[in-house]
Amino acid sequence: MDTLSYKTISLNKETAKKEWVVVDATDQVVGRLASKVAKLIRGKYKPSFTPHVDCGDNVIIINASKVYFTGKKETEKLYTRYTGYPGGQRFTTPAKLRTRDFGPERILRHAVKGMLPKGRLGRQLIDNLYVYNGTEHPHEAQKPKAIDINQFK
C-alpha cells in the first residue's frame with residue numbers, strides 16, 4: 001500500500017485550476033442563486049477545495065435584471081448605506097434600486113458578498129464575480145463555459 005496516497009493535498013494560488021463559467025440568472029430567486037454562486041466562487045464544488053486559498057471559478061452572471069425576490073422582499077427589504085457624514089444614513093428598497101443604473105447588478109453583488117467569508121480572502125473572492133444586465137458580456141476571450149445553476153445543490 002502506498003502511504004503517499006493518503007496525504008492531504010493543499011492548493012496554493014499557483015496550483016489552483018480556475019475556470020470561467022457563465023450563469024444565466026433568468027427567473028432565479030436572488031438568495032438561492034447567490035448562495036450557489038458564492039459556493040462556485042469559493043470553490044466548494046471542487047474536490048481540491050482549500051479553505052484559505054482562492055481556488056474557485058470566475059463567475060459571469062448574465063440577465064441580472066430578470067431575478068426576483070419571494071414574498072414582499074421587493075418592496076419591504078431595506079438596503080442601508082452610509083454617506084460618511086452625520087445623519088447620512090440612507091435606505092433603499094430593491095424596487096427603487098432596480099430603476100437606477102446598475103441596480104440589478106448591485107442587488108446580486110450585495111447578496112453574493114454577504115455569503116462570502118469576511119476579511120482579506122472574501123475581499124479577494126468578490127473580484128471573481130462579474131454581473132451584467134443583458135446577455136452580452138466582454139469576457140468572450142476567456143472562453144467561459146455556460147452552466148446550469150439548477151444542477152448544483
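N128 is buried, with a relative accessible area of 8%, where buried means under 20% relative accessible area, exposed means over 50%, and partly exposed lies in between (1.4 Å probe, protein chains only). You'll find N128 in the loop between α5 (120–125) and β5. Helices (H or I, at least four residues) and strands (E, at least two) are DSSP runs, numbered from the N terminus. The side chain of N128 makes a polar contact of 3.1 Å with the side chain of D54. A polar contact here is a pair of N or O atoms within 3.5 Å; within protein, one must be able to donate a hydrogen and the other to accept it, and residues adjacent in sequence count only if both atoms are side-chain atoms. Not counting residues up to four places away in sequence, N128 touches K18, I41, D54, D57, N58 and V59, contact meaning heavy atoms within 4.5 Å.

A word on what you're looking at: this is a predicted model, in which local features need pLDDT of at least 70 and side-chain atom pairs count only at pLDDT 80 or more, while totals for chains, interfaces and linings use all residues. Residues are numbered from 1 along each chain as its sequence is written, and side-chain values use heavy atoms, with hydrogens and water left out.

Now step back to the whole chain. The protein has five helices and six strands, and reading along the sequence gives the pattern β-α-β-α-β-β-α-α-α-β-β. Its C-alpha trace spans about 65 × 35 × 30 Å along the principal axes. Of the 153 residues, 41% are buried. Among contacts with a separation of 6 or more, 67% are between residues 24 or more positions apart.

What flanks β2? Strand β1 (residues 20–24) runs parallel to β2 and is joined to it by five bridges; two strands pair if DSSP finds at least two bridges between them. W20 has N58 as its bridge partner in β2. Strand β5 (residues 129–131) also runs parallel to β2, through three bridges, with V59 standing opposite L129.

Leaving aside its neighbours within four places in sequence, V59 is in contact with V21, V23, V37, L40, I41, N128, L129 and Y130. V59 is also, together with V112 and L129, one of the residues with the most contacts inside the largest nonpolar core, which has 30 residues. β1, α1, β2, α4 (103–114), α5 and β5 each supply at least two residues of this core, and α1 gives the most, with seven. A nonpolar core is a set of buried Ala, Val, Leu, Ile, Met, Phe, Trp, Tyr and Cys residues joined through side-chain atoms within 4.5 Å.

One of those contributors, α4, has 12 residues and reaches 17 Å from its first C-alpha to its last, close to the 16 Å expected at 1.5 Å a residue; the expected span is 1.5 Å times one less than the number of residues. Its buried residues are G103, P104, E105, I107, L108, A111 and V112. The cover over them includes α1, β2, β3, α3 (94–99) and β5.

β3 (residues 79–82) brings us to another pairing: four bridges join it to β4 (residues 89–92), and the two run antiparallel. T80 stands opposite F91 in β4. These strands form a hairpin with six residues between them, and G84 in the turn has a positive phi of about 105°.

Most residues other than glycine have a negative phi, and most peptide bonds are trans. N63 has a positive phi of about 60° although it is not a glycine, and K143 likewise has a positive phi, of about 50°. Are these two buried or exposed? N63, in the loop between β2 and α2 (73–76), counts as buried at 5% relative accessibility. K143, in the loop between β5 and β6 (145–147), is exposed, with a relative accessible area of 70%.
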